[in-house]
Amino acid sequence: MLAWCGAENRKLLGKALLIFLLLALAGCQVFRRPVAGSAGIGDTYYPDLGNGGYDVEHYKIVLSVDPQRNEISGIASLEAQAIDRLSSFNLELQGLTIDDVQVNGQPARYSRQGSELMITPSRSLAALRPFVVEIAYHGSPGPGPSRAGVGRTGWFAAQDGTINVISEPDNASTWYPVNDHPRDKASYRFEITVPEPWMVAATGSLQQVVDLGAQNRYVWVMQAPMASYLASINVGQYTYEEEFAPGGIHIRNYFPPAYPAEHKENFGAMPEMLAYFSNLFGAYPFDTYGVVITADGPFCPSALEGQTLSIHCPDMLMATEYVIAHEIAHQWFGDSVSLENWGDLWLKEGLASYAGWLWDHRDEDLDTFTSFVNKRKNEFNLAAPIAQPNPEAMYGAEVYIGGAIFFHALRLQVGDTAFFAALRTYAERYQYSNASVDEFIQVVESASGQRLASFFNAWLTETKLPPLPGED
Ligand SMILES: [Zn+2]
């Protein structure tokens, strides 16, 4: 009877069909044999990094830290979502002794091989359902070797008790159990207890300092999804300074008391930089920003764009306005919009380096700035194509300087209006998420109305760069 099937009934029928399909899909997952989650997320450069089969949504890391002995103990709780029906899954954790592993409140078996931690829950995990992992652990953390040829990264403890965490790209697992890849971003809560007079500066917002007598518990919360290498806690004795940037962005800085005043002065430009980049790239993606100055560790001189808290070595080299601007620009490019694969490093480093140049040359006209870029280009030889750095020496000049030169070439190719519109669209569309190089190219093509595949290829996959557009 056709008359019976009125508009309302058709809607109902549609809904019933949808529910049936969803149930059938869930049924397929439920009745499928459980599988082991993979030991790598499938990164094009480092396929064994991260893990597959699930997605972490939240990390709660509760640690007592003894800075004098460099000893930690505590519990990491992970809220995750199974993608497949899982008989077991992997996390990464280096060194450190595991005291207990529970999944959904039940004791779980585990084994370890290198940095891989394989966990077998007492019952298989249903596909598309949340689960909770709690890992109690303790030990004396230290930095781990990096696949990318940047020496050791991760947890660093200085002689005087200062602790700094600089994990890029692959050593977050030196201090907490983690799915260590930017594709699996999550929110974080750090509850870090330290003896007085030590302080904790972490990525996120300081929610509470709980007075426990001779100790204090610092509660830091990062609500926006964060890539694991950007998570950082720093334990030190600091001079704390705060201010507000235009737009109400809360700036909080942690300077060691002996940090030279002439270095500190340059950080005074941060409110103006935040306003400048918000104007170019769109609204600043987080509520807070600031810096912590590290101990003079073996990782120096370097700086890392911790999400909402950049971590700068105490050298003058890491206190230049160029470096300060570079780390601020990463909050948009790298932190809020994260890489899909580590081999795309040029995308975040090229943009941040170009942003450093934009800041330094902000009072120049385009021709003068182009002469500067051309000069850099002429004195620069690429060891590898910009988009194909050596996986074992990834952090070379090609991704930084090469990347920055490329972004200027792209700007000249499509014009200022399309270029900056594309950057704003890219930052907004992929905010708090990940974007591939192809997705970036699509954004620029639609902003400019130009087909750019051959332009990108010529610049990114050759070691001999073409002339800047309009300069040949
Ligand atoms: Zn950078």
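The legends below describe several close-up views of a predicted model. Residues are numbered from 1 along each chain as its sequence is written. Because the model is predicted, local features need pLDDT of at least 70 and side-chain atom pairs count only at pLDDT 80 or more, while totals for chains, interfaces and linings use all residues.

**View 1. The open sheet β1-β4-β8-β7.** Four strands form this open sheet, in the order β1-β4-β8-β7, and their pairing is mixed. Strands here are DSSP runs of E with at least two residues, helices are DSSP runs of H or I with at least four residues, and both are numbered from the N terminus; two strands pair if DSSP finds at least two bridges between them. The edge strands, each of which pairs on one side only, are β1 (35-36) and β7 (109-113). Within the sheet, β4 (residues 86-92) and β8 (residues 116-120) pair in the antiparallel sense over four bridges, and Phe89 stands opposite Ile119 in β8.

**View 2. Strand β5 and its partners β9 and β6.** Strand β5 (residues 97-103) runs antiparallel to strand β9 (residues 130-139), to which six bridges join it, and the bridge partner of Ile98 in β9 is Tyr137. Strand β5 is also joined by two bridges to strand β6 (residues 106-107), again in an antiparallel arrangement, with Val103 opposite Gln106 in β6. Strands β5 and β6 form a hairpin with two residues between them, and Asn104 in the turn has a positive phi of about 50 degrees.

**View 3. Helix α3 against helix α4.** The axes of helix α3 (residues 270-281) and helix α4 (residues 321-330) come within 10 Å and cross at roughly 50 degrees, where axes are lines fitted to C-alpha atoms, for helices over the stretch in contact, and angles run from 0 to 180 degrees between N-to-C directions. That angle makes α3 oblique to α4, since angles under 35 degrees count as roughly parallel, over 145 as roughly antiparallel, 65 to 115 as roughly perpendicular and the rest as oblique. The crossing of α3 and α4 is right-handed, a term used if the near helix is turned clockwise from the far one by less than a right angle, with anticlockwise giving left-handed. The contact is made by Met270, Met273, Leu274 and Phe277 of α3 together with Ile324, Ala325, Ile328 and Ala329 of α4, two residues being in contact if their C-beta atoms, placed from the backbone, lie within 7 Å. By class, this contact of α3 with α4 has eight nonpolar, no polar and no charged residues; Ala, Val, Leu, Ile, Met, Phe, Trp, Tyr, Cys and Pro count as nonpolar, Asp, Glu, Lys and Arg as charged, and the others, Gly among them, as polar.

**View 4. Helix α4 against helix α5.** Helix α4 and helix α5 (residues 345-360) pack at an angle of about 130 degrees, with their axes 8 Å apart, which makes α4 oblique to α5. Helix α4 passes α5 in a right-handed crossing. Among the residues that make the contact are Tyr322, Ala325 and His326 of α4 and Leu351, Ala352 and Trp359 of α5. The residues of this contact divide into seven nonpolar, four polar and three charged.

View 5. The domain assignment, which comes from an automatic or database source, gives domain 1 (54-330) and domain 2 (338-460). The centres of the two domains, taken over C-alpha atoms, are separated by 28 Å, and 23 residues of domain 1 are in contact with 25 residues of domain 2. On the side of domain 1 that touches domain 2, the elements giving two or more residues are β16 (215-226), α3 and α4, and α4 gives the most, with six residues. The residues of that side divide into 16 nonpolar, four polar and three charged.
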